[in-house]
Amino acid sequence: MRIRRILVAVFATAALAGLGLTGAATAATATAGSATTGSVTPGECTDNGGTIDRSTPVLPTCRGGMYDGQTVD
């Protein structure tokens, strides 16, 4: 009975530690990805010094500022 409790505690700790590591890795990847590629909202574009260029053929693009060249959703 005692061994079972210890094993449950070990597995629970390992599972929680694994979730923490994967969550941190996912957050780091999401942060790095959003700063370099992807799309931004109109508010993000204008709040960071850009203007929305609607003359592009597929999607509007943010021109200038922090998100220069990214598509606007």
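Let's start in a loop: glycine 50 sits between α2 and β2. This is a predicted model, where local features need pLDDT of at least 70, side-chain atom pairs count only at pLDDT 80 or more, and totals for chains, interfaces and linings use all residues. Residues are numbered from 1 along each chain as its sequence is written, and side-chain values use heavy atoms, with hydrogens and water left out. The protein has two helices and four strands, with helices (H or I, at least four residues) and strands (E, at least two) taken from DSSP runs and numbered from the N terminus.

**The overall picture**

- Of the 73 residues in the protein, 14% are buried; buried is under 20% relative accessible area, exposed is over 50%, and partly exposed is in between (1.4 Å probe, protein chains only).
- The protein exposes about 5,400 Å², and carbon and sulfur atoms supply 66% of that. Accessible areas come from the Shrake-Rupley method with a 1.4 Å probe, and for residues only the protein chains shown count as cover.
- Take the contacts between residues at least 6 apart in sequence: 32% of them join residues at least 24 apart. Contact here means heavy atoms within 4.5 Å.

**Glycine 50 and its surroundings**

- Glycine 50 is buried, at 7% relative accessible area.
- Leaving out residues up to four places away in sequence, glycine 50 touches Cys45, Cys62, Arg63, Gly64 and Gly65.
- Glycine 50 and glycine 69 are 19 residues apart in sequence, and their C-alpha atoms are 9.7 Å apart in space.

**The disulfide**

- The count comes to one disulfide, meaning a pair of cysteine sulfur atoms within 2.5 Å.
- Cysteine 45 and cysteine 62 are the partners, with 2.1 Å from S to S. The pair links distant parts of the chain, with cysteine 45 in helix α2 (residues 42–47) and cysteine 62 in strand β3, 17 residues apart.
- The link between cysteine 45 and cysteine 62 is right-handed, with 90° about the S-S bond.
- Cysteine 45 is buried at 1% relative accessible area, and cysteine 62 is buried too, at 0%.

**The salt bridge and aspartate 53**

- Searching the whole structure turns up one salt bridge, which is a side-chain nitrogen of Lys or Arg within 4 Å of a carboxyl oxygen of Asp or Glu.
- The partners are arginine 63 and aspartate 53, whose closest N and O atoms are 3.3 Å apart. This pair also links distant parts of the chain: arginine 63 is in strand β3 (residues 61–63) and aspartate 53 is in strand β2 (residues 51–53), 10 residues apart.
- Arginine 63 is partly exposed, with a relative accessible area of 36%.
- Aspartate 53 touches Pro60, Thr61 and Arg63, residues up to four places away in sequence not being counted.
- The side chain of aspartate 53 also makes a polar contact of 2.6 Å with the side chain of serine 55. A polar contact is a pair of N or O atoms within 3.5 Å; within protein, one must be able to donate a hydrogen and the other to accept it, and residues adjacent in sequence count only if both atoms are side-chain atoms.

**Threonine 56**

- You'll find threonine 56 in the loop between β2 and β3, where it counts as buried at 18% relative accessibility.
- Its side chain and that of threonine 61 are joined by a polar contact of 3.4 Å.

**Serine 39**

- Serine 39 is in strand β1 (residues 39–40) and is partly exposed, at 35% relative accessibility.
- Not counting residues up to four places away in sequence, serine 39 touches Gln70, Thr71 and Asp73.
- The side chains of serine 39 and aspartate 73 make a polar contact of 2.8 Å.
- Serine 39 and valine 72 are 33 residues apart in sequence, yet 5.3 Å apart in space, C-alpha to C-alpha.

**A nonpolar patch**

- Ile3, Leu7 and Phe11 make a nonpolar surface patch of about 360 Å². Patches are made of residues with over 30% relative accessible area and no salt bridge, with like charges joined within 9 Å and nonpolar side chains (Val, Leu, Ile, Met, Phe, Trp, Tyr) within 5 Å.
- Phenylalanine 11 belongs to helix α1 (residues 2–36) and is exposed, with a relative accessible area of 59%.
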